Amino acid sequence: MSSRSYNFTHAVTRKPGESVTDGLRTVDTGAPDLQLFLEHHADYVSALESTGATVVTLDPLEEFPDSVFVEDAALCLPEGAIAMRPGTPSRMDEADKMAPVLEDIYGKVHRISGPGFIDGGDILTTESEILVGTSARTDSAGIDELRTLVAPWGYTVRELQTPEGVLHFKTDCSLLDNKTILSTSRLAATGCFDGYRVLLTAKGEEPCANSIRFNNLVLMPAGFPKTEAMLRAEGYEVRIIGNSEAGKLDGGMSCLSLRFSPPSN
Ligand code: CIR
């Protein structure tokens with residue numbers, strides 16, 4: 001069954017640059033190793049391409065250490081692309097850098113113009129609705145502006161709360177198929193996924209909640225064997241990608257790409 005929420009013809013990624021060593025992090029466990037990060041990034045891009053999608057890989061933006069995490073700069077839906085308004089000063093202008101890239105693909109890009117803030121990492125698009133968690137990066141005003149923009153396209157936006165101390169809503173969850181969400185138990189316990197089928201990450205494996213469904217594949221960060229085994233037993237085709245370096249900067253599978261099918265496809 002084809003689904004607009006996980007079948008995609010396109011993805012946009014950006015290679016990490018040397019400045020990635022200065023990326024934001026909640027806990028300092030050392031700077032990422034650029035060479036290893038590039039290897040992981042290349043594996044990630046190959047996995048997306050292996051599904052038949054066209055992947056645009058942009059050059060590094062040295063003035064933006066976190067710009068490898070392209071997901072935060074935009075939301076791409078079949079009906080249109082929207083440049084976000086990232087809620088941390090060092091990342092805000094990443095949206096301006098992404099907008100022309102998406103303009104080339106979509107022809108036009110909508111904008112979150114403020115005063116609110118919203119990061120793409122706080123947005124989970126399912127088959128039936130768009131869930132957005134308020135966080136240190138995303139506020140209700142940003143969510144309201146998104147709601148107004150997508151209403152003409154028939155989307156309902158539901159405002160939720162990212163758990164305290166969690167960077168982004170999708171740090172703790174991902175879409176697996178039309179009705180199934182992979183979630184940490186702390187997020188699922190809030191009841192925000194009532195009505196969906198929820199698979200919980202294994203105890204101690206919470207960071208792998210940031211996985212992605214992309215066409216036939218579920219891309220999962222390496223190092224979470226119990227959750228991986230559960231997903232395989234549930235019938236998902238899992239591809240494991242090294243994430244040690246992105247992980248030092250609180251990044252995971254979703255953060256590294258924009259995934260979409262533009263209107264002409
Ligand atoms: C940041 O703090 O913005 C980056 N170091 C990590 C962003 C991860 N992005 C995401 O979860 N969508």
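A residue counts as near a molecule if one of its heavy atoms lies within 4 Å of it. Of the 13 residues around the ligand here, Asp66, Arg91, His168, Leu249 and Cys255 come nearest. This is a predicted model, where local features need pLDDT of at least 70, side-chain atom pairs count only at pLDDT 80 or more, and totals for chains, interfaces and linings use all residues. Residue numbers start from 1 along each chain as its sequence is written, and side-chain values use heavy atoms, with hydrogens and water left out.

**Ligand site**

- A nitrogen atom of the ligand sits 2.8 Å from a side-chain N or O atom of Asp66, a polar contact being a pair of N or O atoms within 3.5 Å.
- Glu71 has a polar side-chain atom 2.9 Å from a ligand nitrogen, and Asp72 has one 2.9 Å from a ligand nitrogen too.
- On its own the ligand exposes 340 Å², and the protein buries 99% of that (Shrake-Rupley areas, 1.4 Å probe).
- Sorted by class, the shell around the ligand holds five nonpolar, two polar and six charged residues, with Asp, Glu, Lys and Arg counted as charged.

**Cysteines**

- Searching the whole structure turns up zero disulfides (a disulfide is a pair of cysteine sulfur atoms within 2.5 Å).
- Cys76 can't pair up because its sulfur is 15 Å from the closest cysteine sulfur, in Cys255, which is too far for a bond.
- Cys76 is buried at 10% relative accessibility (buried means under 20% relative accessible area, with a 1.4 Å probe and protein chains only).
- For Cys173, the closest cysteine sulfur is in Cys192, 6.8 Å away and too far for a bond.
- Cys173 is also buried, with a relative accessible area of 0%.

Notes
Polar contact = N/O pair within 3.5 Å; in protein donor to acceptor, adjacent residues only side chain to side chain. Buried < 20%, exposed > 50% of the residue type's maximum accessible area, 1.4 Å probe, protein only.
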